[in-house]
Amino acid sequence: MNGVHDMGGMHGMGPIGWEKNEPVFHASWEGRACALLLAMNCWEKWTLDALRHQIERIPAADYLRMLYYEKWVAALVELTVTAGLASRQEIESGVPTLGATKSNPPLTAEKVPGMISNGAPASRNLPVPPRFHRGEHVRARNINPIGHTRLPRYARGKHGTIHIDHGVFVFPDTNAHFLGEQPQHVYSVRFTARELWGDQASPRDTVYVDLWDEYLEAA
Amino acid sequence: MDDSSNRHDSGHDHEHQAVPSDLALRVKSLESLLVEKGLVDRAALDALIDTYQHKVGPRNGARVVARAWVDPAYRQRLLTNADAAIAELGYGGMQGEHMVVVENTPKVHNLVVCTLCSCYPWAVLGLPPVWYKSAPYRSRAVIDPRGVLREFGLTLAEDVEVRVWDSTAELRYLVLPERPSGTERMSEAELATLVSRDAMVGVSKVVLAEKGAAA
């Protein structure tokens, strides 16, 4: 979707708020919110792509105004309700409905180190042939899907060169909508800054964007 | 950078000054519900927070960089198969499953961003700082990387090529900064203390700091 989250190249967002000796969390609720989302992910009721899309769907003005972990909480609530893990009334009241059955959490403290050290690879060891090879000239397609995509607007329609074939990965545009993984190659595509931004850009500079096979066409 | 900037969300946070207590209450209520329903385990939440506050952070990445500086064979492995090389030091896993390491040289400067959200190599740098996840950095890093770097106090010569890596997929990028001169006699452990998070994102260089602790 052409949301405000897709902000590469926008102007007017203000100075960068670098902070000296920044703490990992600025308040204890941030740590709790972060941990709640990571723990709830373990129910595997949604994909990481679906989570990203849920955050993108926060209305634009709110998206820009909200704190980072505030957005996580908003997305977690929507995903939890949609998945049927809790009702909106329960979330609003903070107490389970009378007579609700109690579950067993998929993530216990003992499982945390393994969960973190294993991660959740998005690559797939499948013999999917690549459509492009290193050094080939490509153009990023001009697509404007209303759903989730990881093809940023600033690269659409632009010419680039295949720099690296990273291998086969799940496709976010379908995986975010529970429409299957559609595994395909992801490439690092090299764009010159001038191709993306015109003559104002440095003639030496480049931007590398990781793009799935379906985002690209031969050029 | 301006050290007086001690708030964490420039520009937009004024209106938030009154909000956090409300947010804190909402999160507390949500946690209590999810625990009560058996959907999350409170001890698991504590363990997750402890992990990212005390165990997984930029010191991991700094050790990788220092090893690459002292061991040319390791550096080569790191640049050609980052996952395996990083795993040699015991790191990897969540948000570091697919790593790419890009090397700064006198003629090439690399900068990492996620314009679409907040993708960041947790396994080697921990959770990202607020500025990395915020609109000013995400919007400008791709269109005006040299301006962004100047804002971080780093002015690059015109003949240096700036390469920006937009983390749009599941690859996670770590910058291998240049080893500063004057460090020839330093041990690997001493070198690791010089390597800042910012240098591994590419918004600063590693300096032999009289300024002291790395960010």
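User: What should I know before I start?
Analyst: The model is predicted: local features need pLDDT of at least 70, side-chain atom pairs count only at pLDDT 80 or more, and totals for chains, interfaces and linings use all residues. Residues are numbered from 1 along each chain as its sequence is written, while chains are lettered from A and ligands numbered from 1 in the order in which they are written.

User: How many helices and strands are in chain B?
Analyst: Chain B has eleven helices and four strands. Both are DSSP runs numbered from the N terminus: helices are H or I with at least four residues, strands are E with at least two.

User: Which domains does chain B have?
Analyst: Domain 1 covers 14–53 and domain 2 covers 57–201. The bounds come from an automatic or database domain assignment. Taken over C-alpha atoms, the centres of these two domains of chain B are 31 Å apart.

User: How much of chain B is buried?
Analyst: Of its 215 residues, 53% are buried. Buried means 20 or more other C-beta atoms within 10 Å of the residue's own, with C-beta atoms placed from the backbone.

User: Switching topic. How many residues of chain A are in contact with chain B?
Analyst: 75 residues of chain A contact 77 residues of chain B. Contact means that C-beta atoms, placed from the backbone, lie within 7 Å.

User: Which element of chain A gives the most to that side?
Analyst: Helix 1 of chain A does, with nine residues.

User: And by class?
Analyst: The side of chain A that touches chain B has 43 nonpolar, 18 polar and 14 charged residues. Ala, Val, Leu, Ile, Met, Phe, Trp, Tyr, Cys and Pro count as nonpolar, Asp, Glu, Lys and Arg as charged, and the others, Gly among them, as polar.

User: What order do the strands of the open sheet take?
Analyst: The seven strands run 5(A)-1(A)-2(A)-3(A)-4(A)-3(B)-2(B), with mixed pairing. Strands pair if DSSP finds at least two bridges between them.

User: Which strands stand at the edges?
Analyst: Strand 5 (216–218) of chain A and strand 2 (108–113) of chain B. Each has a single partner strand, so one side of each lacks a neighbour in the sheet.

User: Where do the chains join in it?
Analyst: Strand 4 of chain A runs parallel to strand 3 (residues 161–166) of chain B, joined by four bridges. There, A:Tyr208 has B:Trp165 as its bridge partner.

User: What does strand 2 of chain B pair with?
Analyst: Strand 2 of chain B pairs with strand 3 of chain B, in the parallel sense, over six bridges. B:Val108 stands opposite B:Glu161 of strand 3.

Notes
Two residues are in contact if their C-beta atoms, placed from the backbone, lie within 7 Å. A residue is buried if 20 or more other C-beta atoms lie within 10 Å of its own, exposed if 12 or fewer, and partly exposed in between; C-beta atoms are placed from the backbone.
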